[in-house]
Every structure is written in C-alpha cells, then in structure tokens.
Amino acid sequence: MREKRRYILVRILPYGFMPDRKDLYLAVIEAATSLWGDVATGLAQPAVVFCDEGYAIVRCRRGTEGDIATALATVTAIADERVALRTVATSGTIRALKRRIRPARPLEETGEVVIGEDSFTTYRYPRQKVDLIKKGTMHQKSLFFTREDLEER
Amino acid sequence: MKATDACVCPYPAGDSTLARMALEARELGFDSIVVIGEGDGEPRDLRILRGVVISASSQKEAIRQVRKPAVRAADVVFVNAGDTAFNRAAAAVEEVHVIRNIHAARRGAFDHVAARTAADRGTAVDISLYPIIGFRGRRRQTALQRYADILGLHRRYDFPLTISSGARSILEQRSVREIHGLCGLFGMTEDEVTCALSSIGRLIEPYRPVRVVSE
C-alpha cells in the first residue's frame with residue numbers, strides 16, 4: 001500500500017535566488033541528517049518535488065513533517081550561497097501548497113548605490129524592501145535595506 | 001510584549017539594517033526585538049528595545065561596566081556567562097537582566113546556586129538559537145546539552161528564560177513557529193517557549209507592589 005505523505009512549502013530567501021533542485025535537496029538532506037541522524041532521515045524520506053519562483057516544496061512521510069520542518073530551519077546555505085528556508089505551510093497535496101505561492105518579483109526600478117568602496121545593484125521589492133547585491137564577485141555579498149534606509153544615504 | 005527576539009545585531013555589525021530586520025521580525029510573528037549595537041531608525045509597527053552586552057572577566061569589572069552611562073541608558077543589560085563564581089555573582093547584580101552565551105560556558109558553570117539567585121533576583125538566562133542553527137556536530141551537541149541542563153534548572157527554580165536568534169542578517173532570523181520546533185530539540189514545551197518569548201517584557205517592567213509616590 002502506498003504510504004501517506006506530507007508536503008512542506010518553504011520560501012527561499014534572499015529574494016531572486018533560484019537554487020538548483022539538486023543543490024536544494026543536498027542542503028535539506030545535510031541539515032536533516034546532521035540534526036536527526038541517518039536512521040530518522042532515511043525513514044522520513046525527504047525529497048524536493050518543486051523548486052521555482054522563490055519557493056520549494058519538500059515531501060516527507062506523514063508524521064515526520066514537524067521534524068523535517070525543524071531541520072529546514074537549520075539550513076543556512078545552498079551550494080555555498082547563504083540562504084534561509086522559511087516554512088510557509090504544510091499540506092497533504094502539492095496543489096494546495098501551490099495555491100499559496102506568492103512570488104516576490106523585483107519592482108522594475110533597479111539602480112546602483114555605492115556604500116564605502118563597494119558598488120551595489122539595488123533590487124526593490126514590495127513592502128519597502130531593497131536588496132543590495134555587490135557587483136563583480138562570484139559569491140556575491142548582499143545587504144538588506146529598506147527604501148527609507150537607502151534614501152537616508 | 002508577547003513575542004520578543006532577545007538579540008539581533010543589525011547593520012553595520014551585520015548585513016541587514018534595523019528597519020529591514022524589524023520588518024522581517026514582524027512578518028515572522030514578533031512584536032518586539034532587542035537590538036545590540038548601533039542601528040538607525042525607529043520602525044513604526046514593532047517595539048525596539050536597546051540592549052547592551054557586558055563581557056567581563058570578574059565580578060568587579062562587571063559591576064564597573066554596568067555603572068557606565070551607556071549601560072544605564074539601555075533597556076536590557078546582558079552579561080556573557082563565565083565560570084561558576086562569575087555566574088553566581090552576575091545573577092545577583094541588580095542591573096543585569098540576562099546572562100547570555102551560556103552554551104559557551106563550561107558544564108555546570110551555571111549551577112543550582114546561580115539558578116536560585118537568578119530566580120530570587122529575576123535575572124534571566126538566554127537561550128540563543130544561533131548554535132542550534134549555525135553549528136553542526138559536536139559543537140551543536142554541546143549547546144543542546146547546556147540548554148537541556150538550563151531547562152532542568154529552570155523547571156526546578158523557576159528563573160526566567162529568554163530566547164534570541166542572535167541574528168546579524170535577515171537570513172538568520174527565524175519565525176516563532178520555527179523557534180517552537182528548535183527549542184523542542186532540547187525538551188522545551190510549547191508553553192515554556194511561549195513564556196520565554198514573552199519574558200523580556202516582565203524583565204524590564206517587573207511585577208512589583210503598588211507604591212504610593214505622593215499623597
């Protein structure tokens with residue numbers, strides 16, 4: 001008989017970071033194994049079934065969703081990029097979770113700003129949020145401001 | 001104050017400004033945060049408390065530092081934990097609100113004497129989530145052991161606990177729901193987490209008998 005499963009919707013921060021599904025899976029497995037061990041993680045059978053638009057859906061066996069959600073809170077990096085995975089909801093179907101996806105797309109007005117000696121590209125998001133990405137580095141340095149913070153400079 | 005993140009370090013110490021961290025904290029279910037260090041701006045929809053951290057090697061030095069004007073002006077005074085004698089003394093200092101960095105102290109450094117003093121004086125012990133989120137392997141196991149020990153003493157002596165993310169970035173902040181899960185790792189119940197999240201308000205405005213100041 002097919003086992004019951006649960007699906008966890010997570011939002012990926014920072015905005016605009018689109019990780020590879022396999023890299024995300026490896027990060028989730030590393031976090032779960034480190035926290036709960038091989039046995040518990042193996043029995044929970046976590047898998048990434050969706051990763052797009054700044055969101056991901058992680059599948060696991062029913063009854064283990066609390067443990068996997070806790071493990072997701074300990075994910076700090078995907079493929080050497082600093083991230084956070086914020087649990088949004090848990091459900092028994094992927095469809096129900098996809099209805100809750102609200103992609104955060106940058107507003108059209110992007111710009112540039114110099115802080116200290118570094119030059120940053122600014123990406124504005126709803127609710128006054130502004131992400132600053134340093135130019136010209138492989139592992140990009142990011143700063144997280146609000147519109148007011150930027151105007152005060 | 002129902003849910004307070006007891007320690008965040010905004011830009012320039014971290015990579016996120018105070019306003020942005022406040023915005024994220026609001027979305028994550030907090031109604032107040034304690035800010036360590038510099039941070040410009042005063043967000044409208046979240047209460048900001050100013051905190052200061054004292055790192056001292058002796059009780060005398062700690063007392064000297066808590067009498068500095070900058071420390072007196074702070075809403076919440078933290079002291080980094082040290083050895084057993086230091087922690088016993090720190091718990092008895094009236095100006096100290098919270099003993100933090102307990103995960104970095106030796107096992108038994110915060111003992112039953114310090115716990116009883118903390119309970120009598122209303123001094124809290126901080127549970128930082130940073131070691132649970134950021135560390136792996138032995139270091140995280142040690143932190144979980146320390147927190148389990150503190151929780152045992154808390155249940156016996158009933159001193160306050162606070163919970164902090166220690167975040168220097170919005171990427172290190174965690175939601176109230178995630179904090180419940182993370183604190184469950186060392187045995188904290190839902191009620192204990194809820195109580196710990198709201199304890200900062202009771203620390204800075206403790207319940208005291210009504211005092212008549214003029215007739």
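Helices (H or I, at least four residues) and strands (E, at least two) are DSSP runs, numbered from the N terminus. Residues are numbered from 1 along each chain as its sequence is written, while chains are lettered from A and ligands numbered from 1 in the order in which they are written. What you see is a predicted model, where local features need pLDDT of at least 70, side-chain atom pairs count only at pLDDT 80 or more, and totals for chains, interfaces and linings use all residues; side-chain values use heavy atoms, with hydrogens and water left out.

Figure 1. Let us start with the backbone. Most residues other than glycine have a negative phi, and most peptide bonds are trans. In chain B, the bond joining B:Tyr11 and B:Pro12 is cis, with omega about 15°, and B:Pro12 belongs to the loop between S1 and H1 of chain B. In chain A, the bond from A:Leu13 to A:Pro14 is also cis, with omega near 0°; A:Pro14 sits in the loop between S1 and H1 of chain A. A:Glu53 has a positive phi near 55° and is placed in the loop between strand S2 (47-52) and S3 of chain A. Another positive phi, near 65°, belongs to A:Arg127, in the loop between S8 and strand S9 (129-134) of chain A.

**Figure 2. An aromatic pair in chain A.** Rings of Phe, Tyr and Trp (its six-membered ring) pair if their centres lie within 6.5 Å; planes under 30 degrees apart count as stacked, over 60 as edge-to-face and the rest as tilted. That rule gives 5 aromatic pairs over all chains. One of them joins A:Tyr15 and A:Tyr125, a tilted pair with 4.8 Å from centre to centre and 40° between the planes. A:Tyr15 lies in the loop between strand S1 (5-13) and helix H1 (21-44) of chain A and A:Tyr125 in strand S8 (residues 118-125), so the pair ties together parts that are 110 residues apart in sequence. Both A:Tyr15 and A:Tyr125 are buried (buried means under 20% relative accessible area, exposed over 50%, partly exposed in between; 1.4 Å probe, protein chains only).

**Figure 3. Helix H2 of chain A and its surroundings.** Within helix H2 (residues 65-72) of chain A, the buried residues include A:Ile68, A:Ala69 and A:Leu72. The buried residues of H2(A) pack against S1, H1, strand S3 (55-61) and strand S6 (84-91) of chain A, together with helix H8 (176-183) of chain B.

Figure 4. B:Thr17 has its place in the loop between S1 and H1 of chain B and is buried, with a relative accessible area of 6%. Contact means heavy atoms within 4.5 Å. Leaving aside neighbours within four places in sequence, B:Thr17 touches residues including A:Phe144, A:Phe145, A:Asp149 and B:Tyr11.

**Figure 5. A salt bridge between chain B and chain A.** The contact between the chains takes 27 residues from chain B and 35 residues from chain A. A salt bridge is a side-chain nitrogen of Lys or Arg within 4 Å of a carboxyl oxygen of Asp or Glu. Between chain B and chain A there are 8 salt bridges. Among them is B:Glu24 with A:Lys129, whose closest N and O atoms are 3.3 Å apart. H1(B) gives the most to the side of chain B that touches chain A, with 5 residues.
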